[in-house]
Amino acid sequence: MSSHKGQTENLRPQTRAGGSGDDGGSRSSGRRRRAFYGLLLAACCLLFFTACRQDMQDQPRYEAYEATKFFKDGLSSRPLVEGTVPRGYLREDAQLYTGKKARASGGATGGGVSSNSSSGSGAQNRAASGAGASGGTGAAAAGTTGSANAQAAGNAQAGAAMFPDDVDTFPFAVTAEVLNRGQERYQIFCSMCHGATGNGDGLVVRRGYKQPPSYFTEDLRNAPVGHFYDVITNGWGSMPRYSQQIPVQDRWAIVAYIRALQLSRPLTEEDRRVEARPAMEGGGQR
């Protein structure tokens with residue numbers, strides 16, 4: 001019995017050793033299977049993502065201005081629905097956005113008191129009044145002032161006749177801030193042609209570009225403010241339009257500064273001799 005028990009005990013370690021060997025083989029085989037399935041899954045993912053990228057590169061979309069047979073007009077770019085206005089772009093104020101008089105059913109309306117009668121010829125009125133006060137009789141001074149006022153009214157009428165649709169009043173109050181803004185914008189966008197003082201002697205003109213007329217000619221002094229706004233917006237002659245570069249409020253600020261430049265210098269005989277009307281009629285630069 002003892003010998004048999006000893007043999008049995010001698011066999012137990014061997015059985016445990018054999019069992020340990022079988023477990024190690026199973027674990028190794030399982031790791032190999034898992035590695036294989038992992039590689040297979042990664043390959044499937046790569047194929048899946050490659051297919052998605054190919055679809056994104058080949059989207060069913062139209063390039064800009066591309067033709068199509070889907071719509072009757074053959075255009076892929078569709079026009080806006082009639083009556084659609086982008087938010088913030090409902091421009092009901094014709095005076096502000098166009099510089100033109102608003103039109104009612106009966107024709108042109110608006111305008112108000114002409115700014116030229118008090119601004120374009122204001123220097124003339126002051127000069128005439130000063131001359132009458134310093135020398136001559138009171139009757140002569142009154143006559144001179146009355147003549148200047150009549151001439152100012154005539155000039156305003158002439159300007160209105162040349163540009164009947166252009167407004168002669170600003171759409172908002174002209175303050176010191178507006179003039180400062182207009183001066184800044186004028187120096188950036190206008191001075192290279194029209195000069196720092198409005199004489200039409202900018203740097204590009206000195207280098208061969210077509211010279212614009214001086215702002216101090218009698219015709220441009222009498223032109224309504226809406227005309228200057230229209231020229232900035234739509235261009236005139238060789239002057240390009242600046243509607244994309246200059247916002248609406250800044251255009252009016254520039255016009256206000258141009259008026260201030262005109263008021264800064266009295267009308268001279270040279271200004272009277274230089275007529276801007278032929279340039280305007282012939283499409284000259286403004």
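A residue is called buried when its relative accessible area is under 20%, exposed when over 50%, and partly exposed in between, using a 1.4 Å probe and protein chains only. By that criterion, 31% of the 286 residues of the chain are buried. This is a predicted model, in which local features need pLDDT of at least 70 and side-chain atom pairs count only at pLDDT 80 or more, while totals for chains, interfaces and linings use all residues. Residues are numbered from 1 along each chain as its sequence is written, and side-chain values use heavy atoms, with hydrogens and water left out.

**Overall fold**

- The chain contains twelve helices and two strands, where helices (H or I, at least four residues) and strands (E, at least two) are DSSP runs numbered from the N terminus.
- Along the sequence, the order of these elements is α-α-β-β-α-α-α-α-α-α-α-α-α-α.
- Among contacts (heavy atoms within 4.5 Å) with a separation of 6 or more, 67% join residues 24 or more positions apart.

**Helix H5**

- Helix H5 covers residues 176-189; its 14 residues should span 20 Å at 1.5 Å a residue, and its end C-alpha atoms are 20 Å apart, which agrees. The expected span is 1.5 Å times one less than the number of residues.
- The buried residues of H5 are Val-178, Gly-182, Arg-185, Tyr-186 and Phe-189. They lie on the same side of H5, because they cover an arc of only 105 degrees around the axis; the arc is taken from the directions from the helix axis to the C-beta atoms.
- Helix H6 (191-194) and helix H10 (248-263) are among the elements that cover these buried residues.

**Nonpolar core**

- A nonpolar core is a set of buried Ala, Val, Leu, Ile, Met, Phe, Trp, Tyr and Cys residues joined through side-chain atoms within 4.5 Å. The largest one has 26 residues, and those with the most contacts inside it are Tyr-186, Phe-228, Trp-252, Ile-254 and Val-255.
- H5, helix H9 (225-234) and H10 each supply at least two residues of this core. H10 gives the largest share, seven residues.

**Gln-262 in H10**

- Gln-262 lies in helix H10 and is buried, with a relative accessible area of 3%.
- The side chains of Gln-262 and Arg-259 make a polar contact at 2.6 Å. Such a contact is a pair of N or O atoms within 3.5 Å; within protein, one must be able to donate a hydrogen and the other to accept it, and residues adjacent in sequence count only if both atoms are side-chain atoms.
- Leaving aside neighbours within four places in sequence, Gln-262 is in contact with Tyr-215, Phe-216, Leu-220, Arg-221 and Phe-228.

**Cysteines**

- With a disulfide defined as a pair of cysteine sulfur atoms within 2.5 Å, the count is zero.
- Cys-190 is in no disulfide, and at 10% relative accessibility it counts as buried.
- Cys-193 is buried too, with a relative accessible area of 13%; its sulfur is 8.7 Å from the closest cysteine sulfur, in Cys-190, which is too far for a bond.

**Strand S1**

- Arg-103 lies in strand S1 (residues 103-104) and counts as exposed at 56% relative accessibility.
- Arg-103 and Asp-165 are 62 residues apart in sequence, with their C-alpha atoms 9.4 Å apart in space.
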